[in-house]
2 protein chains.
Amino acid sequence: MQRLFNNPDDIVDETVAGFVRAHRDLVRLSDANPRVVLSHACGTGDRVGIVTGGGSGHEPAFVGYVGETLVDAVAVGELFSSPTAKAFLEAIRAADTGKGVAVLYGNYAGDNMNVKMASRMAAKEGIEVRTVVANDDVCSAPMADRGRRRGVAGEILMWKVGAAKAATGAALDEVQATAQRAIDATRSVGIGLAPCTLPANAKPNFEIAPGTMEIGIGHHGEPGTAVTDLKPANDVADEMLKIILDDHDLASGDEACVLLSGLGATPICELYVLYDRIERELGERGIGVHRAFVGNYFTSLEMMGATLTVMKLDDELKELIDMPAASSGLTVRSAG
Amino acid sequence: MQRLFNNPDDIVDETVAGFVRAHRDLVRLSDANPRVVLSHACGTGDRVGIVTGGGSGHEPAFVGYVGETLVDAVAVGELFSSPTAKAFLEAIRAADTGKGVAVLYGNYAGDNMNVKMASRMAAKEGIEVRTVVANDDVCSAPMADRGRRRGVAGEILMWKVGAAKAATGAALDEVQATAQRAIDATRSVGIGLAPCTLPANAKPNFEIAPGTMEIGIGHHGEPGTAVTDLKPANDVADEMLKIILDDHDLASGDEACVLLSGLGATPICELYVLYDRIERELGERGIGVHRAFVGNYFTSLEMMGATLTVMKLDDELKELIDMPAASSGLTVRSAG
């Protein structure tokens, strides 16, 4: 295992410590809980607070999306494990300005349980909490059973939209409804080319045979829908796009926001090779890309592969996606 | 080889095409040469133009540093190969506004030759060109022979400083002198944990035995100064820092800009583990980190490992590093 760590038990603490040092212009550590990272504006102003959280090993997710007009507070879990209910609760407390808190998170059993528990405890303290659960991962369950679908990189676009809506001064119900609309308009699909290894385990979490790829694989190696021969990049791009378009209602004349993320070890140039095909193929169908994010946005340690996320835009979603925002993981500049 | 490409011969063209599509708010392709990427402000205004270039496979370098108050024009080479003199010439032509062009590039034989040739051709066309050659890679030659040292991720800080100086309206001589001062104040060191594979070769470019690491390795796998057992991250951080500090004149009370880049496949959380130690160790010596960049800034396909770059700051360098700038690879926001 060619990796850089000290005691495997300390990786998350050391990651958070290094992260907060490196990005202190954007974030700070909670005084109350060392597994909660806050934006400098967290808990201030007259707006709904935005909270998320999830397992570590997906950097820049989740901590990398704490920032200005982005997430206010993140609860940090162990590698590939949910944060505790206590960490979610502290994130909610920190983010509340009296207007309530929207917890926008991904559909995993541990996160569901701990967010639910934290929300109940927060309610007892008089903090109003609403949740939106991301379930953008098309291959994780059929559309008819969308409640079982996992959340993957589409969460980033949900955070972007939810935080922008909160910045407009919208009430909690509106922020929740808009974040829900954002994730409802979003589909993702992942492909895996090589597995990842948790340092404490010292052997791969799952297997992908050389010369093959796994379509529909999850962020933690959850099984996909098919294992096929590894194909040329254009065929891979087409396959990913087909899965998304077959599940979505994008039509000619529509505009989309596209996020293509590497899973950790796939060279960045290859992401651009994929993206080139994806934008051209969308164009062939009359679908314009209003804004694209290409890079390592939501990784799984040193897994090889990529996730494609497509959000169908309407006027409001476009405006919220375009609102300037700053974080270490994602920056949107002011126009012009 | 678990990788995403079509015909290996097309990777660079497809990377550039996808890159320009994804980041069209920041960059455009030259009409005159498909291997030249330009900022939107390239060739406009009354300022010195900033040009660089280098081989592909190091994304976001080099194209990712084209942007606002950053590089104006980049010449793009094949994977791990110098751009042609023709591409450098076209980049120089595009970047010239009449105030001359500073070509800030890395010390590699092919780049030296092609930049020299392009500069001569540009001079014949009446364009004044000055060059600064980055040689920040400590382990590539002894200090007494600094002219043989390679340029690595320190180039990014040189571009940042040179472009900021140009934005102040400084003359070509001043931009050249300041970029030179920037790279003179900068040292880098790389460590390799696993090699990378050029798609056309289909086998690793070099070897690093499991359980070992190579200290001082170059961006293309150029041999380092030692192969040792792979150590805990803190020891690796200490070793990298020692190499830099032994070669540098940083003293207690100094401030530094630190850039820690992954080489491609090292998980991002591990970069923060390393960074945490590095900033603490600098602090122990009374050296403050004014600004840090941690992430995949200058990669080598799917190589595992990292490079550490430290620039000693003075008042002017600090101001130039802090000047707002925007590119897909690096963004500095306006203060406050």
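Predicted model: local features only at pLDDT ≥ 70, side-chain atom pairs only at ≥ 80, totals over all residues.
Just after H4(A), Gly169(A) adopts a positive phi of about 90°.

The contact between the chains was examined next. Chain A contributes 58 residues and chain B contributes 59 residues. Together the two chains bury about 5000 Å², of which 56% is on carbon and sulfur atoms. Within the area that chain A buries against chain B, 18% is supplied by Gln2(A), Leu4(A) and Arg333(A), more than by any other three residues.

Arg333(A) also takes part in a salt bridge with Glu68(B), in which the closest N and O atoms are 2.7 Å apart. The count of salt bridges between chain A and chain B is 11. Polar contact across the interface, with both residues at pLDDT 80 or more, is found for 29 residue pairs.

On the side of chain A that touches chain B, at least two residues each come from helix H1 (11-22), strand S8 (186-194), helix H6 (233-247), helix H7 (268-284) and strand S12 (288-295). H7(A) gives the most to this side, with 10 residues. By class, the side of chain A that touches chain B comprises 32 nonpolar, 13 polar and 13 charged residues.

Note on methods
Residues numbered from 1 in each chain as written. Chains lettered and ligands numbered in written order. Heavy atoms only, no water. Contact = heavy atoms within 4.5 Å. Buried area = accessible area lost by both parts, 1.4 Å probe. Salt bridge = Lys/Arg side-chain N within 4 Å of Asp/Glu carboxyl O. Polar contact = N/O pair within 3.5 Å; in protein donor to acceptor, adjacent residues only side chain to side chain. Helix = DSSP H or I, 4+ residues; strand = E, 2+ residues; numbered from the N terminus. Nonpolar A, V, L, I, M, F, W, Y, C, P; charged D, E, K, R; others polar.
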